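Biologist: Could you go through this one with me? I have the sequence and the coordinates open, and I would like to jump between topics as they come up.
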Amino acid sequence: MNAANPTATKTAGKSAGEGQHDFVSFTVASQLFGIPVLKVQDVLGPQRITRIPLAPKEVAGSLNLRGRIVTAIDLRLRLGLDRREKGQNSMSIVVEHHGELYSLIVDSVGEVLSLDGASYERNPPTLDQRWRDFSDGIYRLNGSLLVVLDVSQLLQFAKAEAA
């Protein structure tokens, strides 16, 4: 709580401008992204993924994680980027959403970044519209931009497909 504003709180993954916020950092097509560390269940190396017939193009398939079936989402396609080249390594960040596990396929996973909430910024108007739909905001880090992804929004396509 902020003494000047006792009602200031952190809302659903959005920074309110106070304290430290921890993010698992990762890259997709050379762009730096982050997910709040408390949303991350696991980080995995390359996995064997089984295709799912008639699934949306962003769904790479499913994988088995310690006996649980996990839906694998290709973040390149979800973010409107080009497909990964054949043979290019990938990693997975496992998140839980509404009781289901999802594996977000990324190019590489970095480190956990602890960032000052005061340096948080809302999405700039120049950020790609699709990315703005999935993003909580940004942090500017030494000449690079960390786009903070909202896992709930990122996985919203499942409801849109069902409608």
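Modeller: Let us start with Ser 119, which touches Ile 138 and Tyr 139 once residues up to four places away in sequence are set aside; please keep in mind throughout that this is a predicted model.

Biologist: What lies 2.8 Å from a polar atom of the Ser 119 side chain?
Modeller: That is the backbone oxygen of Asp 116. Ser 119 is also 7.5 Å from Arg 140, C-alpha to C-alpha, although the two are 21 residues apart in sequence.

Biologist: Before I go on, what pLDDT does the chain average?
Modeller: The protein chain averages a pLDDT of 84, and 85% of the residues score at least 70. Over residues 1-16, however, the pLDDT is below 50, and this stretch has 17 contacts in the model beyond near neighbours in sequence. Where pLDDT is low, the predicted coordinates should not be read in detail.

Biologist: Changing topic, in what order do the six strands of the open sheet come?
Modeller: The order is E8-E1-E2-E11-E10-E9, with mixed pairing. E8 and E9 stand at the edges and have a single partner strand each, so one side of each is left without a neighbour in the sheet.

Biologist: And how do E2 and E11 run, and how many bridges join them?
Modeller: Strand E2 (residues 31-36) and strand E11 (residues 144-149) run parallel and are joined by three bridges, and Phe 33 stands opposite Val 147 in E11.

Biologist: Which ring does Phe 33 pair with, and why is the pair called edge-to-face?
Modeller: Phe 33 pairs with Trp 131: the ring centres are 5.2 Å apart and the planes stand at 65 degrees, which is over the 60 that the edge-to-face class requires, so the pair is counted there. Phe 33 lies in strand E2 and Trp 131 in helix H2 (residues 129-134), so the pair ties together parts that are 98 residues apart in sequence. Both Phe 33 and Trp 131 are buried.

Biologist: How many aromatic pairs does a search of the whole structure find?
Modeller: The search finds four aromatic pairs, and, as a further aromatic feature, Phe 23, Tyr 120 and Tyr 139 form one cluster.

Biologist: What about Ser 25, what does its side chain reach?
Modeller: The side chain of Ser 25 reaches the backbone oxygen of Glu 111 at 2.7 Å. Ser 25 is placed in strand E1 (residues 20-28) and has a relative accessible area of 4%, so it counts as buried. Beyond four places in sequence, the residues it touches include Leu 32, Phe 33, Val 109, Leu 113 and Leu 146.

Biologist: Now the charges: how many salt bridges does a search of the whole structure find?
Modeller: There are seven salt bridges. One of them joins the side chains of Arg 66 and Asp 42, at 2.6 Å from N to O. Arg 66 lies in the loop between strand E4 (59-65) and strand E5 (68-74), whereas Asp 42 lies in strand E3 (residues 40-44), so the pair ties together parts that are 24 residues apart in sequence.

Biologist: Where does Arg 76 lie, and what is it in contact with?
Modeller: Arg 76 lies in helix H1 (residues 75-78) and is buried, with a relative accessible area of 9%. Leaving aside neighbours within four places in sequence, its contacts include Val 28, Ala 29, Leu 81, Arg 84, Gln 88 and Asp 107.

Definitions and conventions. Residues numbered from 1 in each chain as written. Predicted model: local features only at pLDDT ≥ 70, side-chain atom pairs only at ≥ 80, totals over all residues. Heavy atoms only, no water. Helix = DSSP H or I, 4+ residues; strand = E, 2+ residues; numbered from the N terminus. Buried < 20%, exposed > 50% of the residue type's maximum accessible area, 1.4 Å probe, protein only. Polar contact = N/O pair within 3.5 Å; in protein donor to acceptor, adjacent residues only side chain to side chain. Contact = heavy atoms within 4.5 Å. pLDDT = per-residue confidence, 0-100. Pairing = 2+ DSSP bridges. Phe/Tyr/Trp six-rings, centres within 6.5 Å; stacked < 30°, edge-to-face > 60°. Salt bridge = Lys/Arg side-chain N within 4 Å of Asp/Glu carboxyl O.
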